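Me: I'm new to this one and would like a close look at a single part of it. Could you pick out one residue, walk me through its surroundings, and then carry on to whatever connects with that theme?

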Amino acid sequence: MSKEKLDVPSIELLEAELKREQYKTSYGRILRSTVFLLLVVAAAAVLIAMLLLPVLQVGGTSMTESLQDKDIVVAVSGNKYKTGDIIAFYYNNNILIKRVIAKAGDWVDIDRDGNVFVNDKQMDEPYVTEKAFGECNIDLPYQVPEGKCFVMGDHRATSIDSRNTSVGCVNSDMIVGRIVFRVWPFSGIGLLD
């Protein structure tokens, strides 16, 4: 039997291999923690967007001139809405966007020229560019039921809203939130009033 010569790595080579293995282990740990952190942040952002600040896309022309078709807006969840606020609400598996005209207990009347009266006072509506009686099949004057609000679109001639029994007044538990900010298009970005 002959003795074979064993190649023993040098100390420098062993130290270099040890550093490479430590780097791989550390890199893997950092990568895993970074991916985990990104997933947590994304989940938190989705929860905030769904529960507190829903982001919605406008569909249709019922809110023209205030909002245009395909605008992207942000709503704030809550349960305090006043006359003139733009709100989003659930209706037949869709989300509609309209303006609050009257709240529970208020009396709403609309004349043939499209002038809106709440509790016998004509509303000042600078956001409406063209008044119209629209698709109204409710008996006027109309008292808003408890726990509901009366809504109308700003483009009165085409909007189907609380003036029509197919939509009616909106239950407070169906409201997604108050529309406060437009994020798209960039030319219209800003707070909504």
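Reply: Let's start with aspartate 71, which sits in the loop between E1 and E2. The labels come from DSSP runs numbered from the N terminus: helices are H or I runs of at least four residues, and strands are E runs of at least two. Bear in mind that this is a predicted model, where local features need pLDDT of at least 70 and side-chain atom pairs count only at pLDDT 80 or more, while totals for chains, interfaces and linings use all residues. Residues are numbered from 1 along each chain as its sequence is written, and side-chain values use heavy atoms, with hydrogens and water left out.

Is aspartate 71 buried or exposed? Aspartate 71 is buried, with a relative accessible area of 4% (buried means under 20%, exposed over 50%, and partly exposed in between, using a 1.4 Å probe and protein chains only). Setting aside neighbours within four places in sequence, aspartate 71 is in contact with Leu56, Gln57, Val58, Arg182, Trp184 and Pro185, where contact means heavy atoms within 4.5 Å.

Arginine 182 and aspartate 71 form a salt bridge, with their closest N and O atoms 2.8 Å apart. The pair links distant parts of the chain, since arginine 182 belongs to strand E11 (residues 175-184) and aspartate 71 to the loop between strand E1 (55-57) and strand E2 (72-76), 111 residues apart. By salt bridge I mean a side-chain nitrogen of Lys or Arg within 4 Å of a carboxyl oxygen of Asp or Glu. Arginine 182 counts as buried too, at 14% relative accessibility.

The structure holds eight salt bridges, so let's visit another. Aspartate 154 pairs up with arginine 99, and again the closest N and O atoms are 2.8 Å apart. Aspartate 154 lies in the loop between E9 and strand E10 (170-171), whereas arginine 99 is in strand E4, so this bridge ties together parts that are 55 residues apart in sequence. Aspartate 154 is buried, with a relative accessible area of 1%, and arginine 99 is buried at 1% as well.

Now stay with arginine 99 for a moment, because it leads us into the strands. Arginine 99 stands opposite methionine 152 in E9. E4 and strand E9 (residues 148-152) pair in the antiparallel sense over four bridges; strands count as paired if DSSP finds at least two bridges between them. E4 (residues 94-103) also runs antiparallel to strand E3 (residues 86-91), joined to it by six bridges. Across that pairing, phenylalanine 89 stands opposite leucine 96. E3 and E4 make a hairpin with two residues between them, and asparagine 92 in the turn has a positive phi of about 50°.

For a contrast, look at glutamate 21 and arginine 20, whose side chains meet in a salt bridge of 3.7 Å, N to O. Glutamate 21 is partly exposed, with a relative accessible area of 32%, and arginine 20 is partly exposed at 42%.

One last stop is leucine 31, in helix H1 (residues 11-51). Leucine 31 is partly exposed, at 45% relative accessible area, and together with Tyr23, Tyr27, Val35 and Leu39 makes a nonpolar surface patch of about 550 Å². Patches are made of residues with over 30% relative accessible area and no salt bridge, joining like charges within 9 Å and nonpolar side chains (Val, Leu, Ile, Met, Phe, Trp, Tyr) within 5 Å; the areas come from the Shrake-Rupley method with a 1.4 Å probe, and for residues only the protein chains shown count as cover.
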